[in-house]
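Dear colleague,

I am passing on the structure we discussed, and below it you will find my notes. Please read them with the coordinates open beside you.

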Amino acid sequence: MAKTMAKTTENRQTFKVNPIDCTGHGVCAELLPELISLDEWGYPIVDPRPVPPQLDREARRAVAACPALALKLVRRSS
Amino acid sequence: MTTTVNEPATRHAATMPRLLPAAPEDLRRHLARYGPTPYRGQAGLLIGDIEASGLTGRGGAAFPVHRKLAIVAGARGRKVVVANGAESEPASRKDELLLRAAPNLVLDGLQLAAEATGATEAHLYTHHGATTEILRALAERAAAGLDPVSVTITQAPPRFLAGQESALVNRLGGGPARPTFQPPRVTERGLHGAPTLVQNVETLAHIALIARYGPRWFRVAGTSAEPGSMLTTVYQPDGKCQVVETEIGTPLNTLLSSGPETQAWLVGGYHGTWLPLPHPAALTRDALTLDNATLGKYGAAVGAGVLAALPSDRCGLAEAARVVGYLAAESAGQCGPCLNGLPRIAAALAELAGPRPRRPVRADVERWASLVEGRGACHHPDGTARFVRSALTVFAPELSLHEKGRCSATNPRPFLPLPDGIPTSEDDWT
C-alpha cells in the first residue's frame, strides 16, 4: 500500500503557465477555482502543489479549455 | 565618471588582476604574455579542467560553466557558441572594458569553448557592436590564421533584457531581443534550433586562462566554494566609477566606502539588493564578503559584480524609484503580471519617494512585488521585486520622514547611472 502511494505521488502533475502565451482569459480559474485563482489583473495564480487525484478530470478540462493554449500539466520534475 | 584599470596583469598565482592588462593589448603583446591558444585537439577534453576549476558564469547567474559546456558537447549536429558582451545592465562597465583591454583573451576563450563543445559557428554579441579593438583583434587573428571558427559580431539593442540568453538567441536569429519561455533551454534548442552555448565574455576570458594555467592555479584565488576572481564595477559615494578585478570572497568594505559619507550599499546591480550601513553583520565576526555563500545570508548575490556606495546626502527612496521606473519601462511586456505589476510598483515607489505618500501605498508595493515574483518567462519581475523589497527595508527610516513631509536628502542630483532617455518604442528591441 505504501509503495502504491509513493508511486502515485511521483506521478502527480502540477500546473505550468506559459506567461507569454497567457492572455488572462480566466477560463481556467472558472473551471477549477480549487487550484487556480486570478490576480487583480486577471492572470492566473496556480496552486504549486501536485493536482490531487479527485481533481484530475477538472484539471485536464481546464488545460483543454485554455483559449491561448498557455496552461499545461507537467510532471513534477520538469 | 571615470573608468580606470587597476594594477597591471601578471601570470603569478593569486596576483590580481588576472584578466585586465594596464593598457589594451594587441595580438603581438597578447601572444608574448600568454603564448598561443592551448587547444586540446579534441571536443570535450577541456571540460574536466573547467569542472575542476569550479568556474561559474560571470554574467550574473553564477551557473557552473562545465555543465553548460557538457550539455552542448553532448548534443549532436550543428552547434553554436556565443560570447555575450551585451552588458545590458546600465551600471555595469566591466565587459566593455574587458573587450577593449583584452579582446584576444575573450576570443581565445570563445575558440576554446567552440572546440570543447564541437561548435562550428561562433558569435560575439556586444553592447557597442564592432569596436576598433575587436575588429583589430579579429583581423590580426585572421591574418595569423589563428581561429578555426570564424566569429560573427552582432550589436545588442540597448535594452535591459537584451543579454538574457533566450533574448540573445532571438536577436541573433534576426528577431527582437525579447526572452522566450523555457524550456527548452538554449543549450538544447538555441539559435535556429541548434544547441547553443552562451557565455559571458568575462567567463570566456577565465576559460582562456584556465586552459593555460590549469584549475589549481585558478583556485588559488577566491573561496573553496566559489573559486577565482571576478570583475566588479564599483561606484564610490563621490560618484567615481572603477572596474576592479578582485578575488571572490573579498571583504566588501575593502572595495566600497563604508564611512559616514555612505548610507547604504547596493550589491548586484538593478536586480540586486540594498544593504544597510552600518550593516548588522559588521557587529559580528561574520564580515560581509563578495561571495554568494555570504551574501545569500542577507538575501543578496554578487550578480554581475555591480557594487555601489550610496552617499548619505541622497534620498535612497528617490534613487530606488528612478531605477524601478527604468526597470518597469524595460519590461518586455510579454507576461501579464510583469506588464501590469511593474508600472504600478514604479508609480507607487515614486509616490513613496515624494512628500506625504498615502498610507496604503507601501502595502500596495509589497503585495505587487509578491504578485509578480516567479510569474514571468524570465527573471525580470523576480529581480525587480528583490530590489524593491530591499529598498523598502533599508530606506524604512527615510519613508517615515517622507510620511511626515520631510526628506533627509540635501543633494537632489541623481546618483545611480541610467541610460539617457528611457526607450519605450517597439523597434528599440532590435
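In what order do the four strands of the open sheet in chain B lie? Please keep in mind throughout that this is a predicted model. The order is E3-E2-E1-E4, and the pairing is parallel. Strand E3 (151–155) and strand E4 (196–200) of chain B form the edges, each of them pairing on one side only, and neighbouring strands of the sheet are turned against each other by 20° on average, direction ignored.

Going through the sheet pair by pair, E2(B) and E3(B) are joined in the parallel sense over five bridges, and within this pairing B:Tyr125 has B:Thr154 in E3(B) as its bridge partner. E1(B) and E2(B) also run parallel, here over six bridges, with B:His123 in E2(B) as the bridge partner of B:Val82.

Strand E2 (residues 121–126) of chain B is largely enclosed by the rest of the structure, because five of its six residues are buried. Helix H8 (residues 201–219) of chain B lies across E1 and E4 of chain B, and its direction is at about 90° to that of E4(B).

As for chain B as a whole, it contains 14 helices and nine strands, and it is divided into domain 1 (27–219), domain 2 (231–311) and domain 3 (316–414). The C-alpha centres of domain 2 of chain B and domain 3 of chain B lie 21 Å apart, and the contact between them takes 11 residues from domain 2 of chain B and 11 residues from domain 3 of chain B. On the domain 2 side of this contact, the elements that give two or more residues are strand E7 (262–267) and strand E8 (273–276) of chain B, and the largest share, four residues, comes from E8(B). By class, that side of domain 2 of chain B has six nonpolar and five polar residues, with no charged residue among them.

The overall dimensions of chain B can be set against a simple expectation: a compact globule of 430 residues would have a radius of gyration near 22 Å, and chain B, at 22 Å, agrees with this. Along its principal axes the C-alpha trace of chain B spans about 70 × 45 × 35 Å. Of its 430 residues, 53% count as buried, and among the contacts in chain B between residues at least 6 apart in sequence, 73% join residues at least 24 apart.

Of the 78 residues of chain A, 22% count as buried, and residues 24 or more positions apart account for 59% of the chain A contacts with a separation of 6 or more. Where the two chains meet, the contact takes eight residues from chain A and 11 residues from chain B; the side of chain A that touches chain B is made up of five nonpolar, two polar and one charged residues.

With best regards

Key: Residues are numbered from 1 along each chain as its sequence is written. Chains are lettered from A and ligands numbered from 1 in the order in which they are written. This is a predicted model: local features need pLDDT of at least 70, side-chain atom pairs count only at pLDDT 80 or more; totals for chains, interfaces and linings use all residues. Two strands pair if DSSP finds at least two bridges between them. Axes are lines fitted to C-alpha atoms, for helices over the stretch in contact, and angles run from 0 to 180 degrees between N-to-C directions. Two residues are in contact if their C-beta atoms, placed from the backbone, lie within 7 Å. Domain bounds come from an automatic or database domain assignment. Ala, Val, Leu, Ile, Met, Phe, Trp, Tyr, Cys and Pro count as nonpolar, Asp, Glu, Lys and Arg as charged, and the others, Gly among them, as polar. The radius of gyration is taken over C-alpha atoms; the globule rule is 2.2 Å times the number of residues to the power 0.38. A residue is buried if 20 or more other C-beta atoms lie within 10 Å of its own, exposed if 12 or fewer, and partly exposed in between; C-beta atoms are placed from the backbone.
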